[in-house]
Amino acid sequence: QFVADFYNAKEIVQSSIVKSTEIDDLLEAELLLKKVGLPSFMEMMQRMMAGGIPKGYIINIIGETGCGKTSITNEMIYHWIFNCPYKMAVSSQELTAGQYGVAMLSRHIGNKLNLFEKGEDAVAFINKPEILEKRQELWKDEVGEERWLLLDDREGTLNEFKLQCEKLY
């Protein structure tokens, strides 16, 4: 068996090069990847993407300053928090954890918290019993576990960021 395994062994490739003769073995796995659906307002894009974003893919949302990239992205994430079978992990390179929390809670309660002129009024509002309940609904799932995760790191190196992403995964 050792001799047979030795002579049938595949050549070691020291890079990310995949031979065309090896690609055929990868087709089925690629075609069977589960997909993450998009919110209903992105129905046409979901059709164009043949059902959504394949699990494990990285997508980029690119556009002019002020065209709504953050709003669209936050709406997608909000949808996934409640409708995706996978736990979401978010890395905002734009908003701190607190700012992101305000944005997501504003979306969840349907009231933009940053429009309060006085911070004290906003704090009093989010501490009303009905809003406290909505906060818990946004942060925790039905069994009391965190509903989603946020990576709040804009200061570290690329390698530190990669390590944090691996922890999230």
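Biologist: Which residues of helix 5 meet helix 6 in this predicted model?

Modeller: Asn-74, Glu-75, Ile-77, Tyr-78, Ile-81 and Phe-82 in helix 5 meet Tyr-100, Ala-103, Met-104, Arg-107 and His-108 in helix 6. Contact here requires heavy atoms within 4.5 Å.

Biologist: How do the residues of that contact divide by class?

Modeller: There are 7 nonpolar, 2 polar and 2 charged residues where helix 5 meets helix 6. Tyr and Met, for example, count as nonpolar, and Arg as charged.

Biologist: Why is helix 5 called roughly perpendicular to helix 6?

Modeller: Helix 5 (residues 69-83) and helix 6 (residues 97-109) pack at an angle of about 70 degrees, and their axes are 11 Å apart. Angles from 65 to 115 degrees count as roughly perpendicular, so that is the word for helix 5 and helix 6. The crossing of helix 5 and helix 6 is right-handed.

Biologist: What makes helix 6 and helix 8 roughly perpendicular to each other?

Modeller: Helix 8 covers residues 129-139, and its angle with helix 6 is about 115 degrees. The range for roughly perpendicular is 65 to 115, and therefore the term applies to helix 6 and helix 8. Their axes lie 10 Å apart, and this crossing is right-handed.

Biologist: Which residues form the contact of helix 6 with helix 8?

Modeller: From helix 6 come Gly-101, Met-104, Leu-105, His-108 and Ile-109. From helix 8 come Ile-131, Lys-134, Arg-135, Glu-137, Leu-138 and Trp-139. By class, this contact has 6 nonpolar, 2 polar and 3 charged residues.

How values were computed:
Residues numbered from 1 in each chain as written. Predicted model: local features only at pLDDT ≥ 70, side-chain atom pairs only at ≥ 80, totals over all residues. Heavy atoms only, no water. Axes fitted to C-alpha atoms, helices over the stretch in contact; angles between N-to-C directions. Helix = DSSP H or I, 4+ residues; strand = E, 2+ residues; numbered from the N terminus. Parallel < 35°, antiparallel > 145°, perpendicular 65-115°, else oblique. Left-handed = near helix turned anticlockwise from the far one by under 90°.
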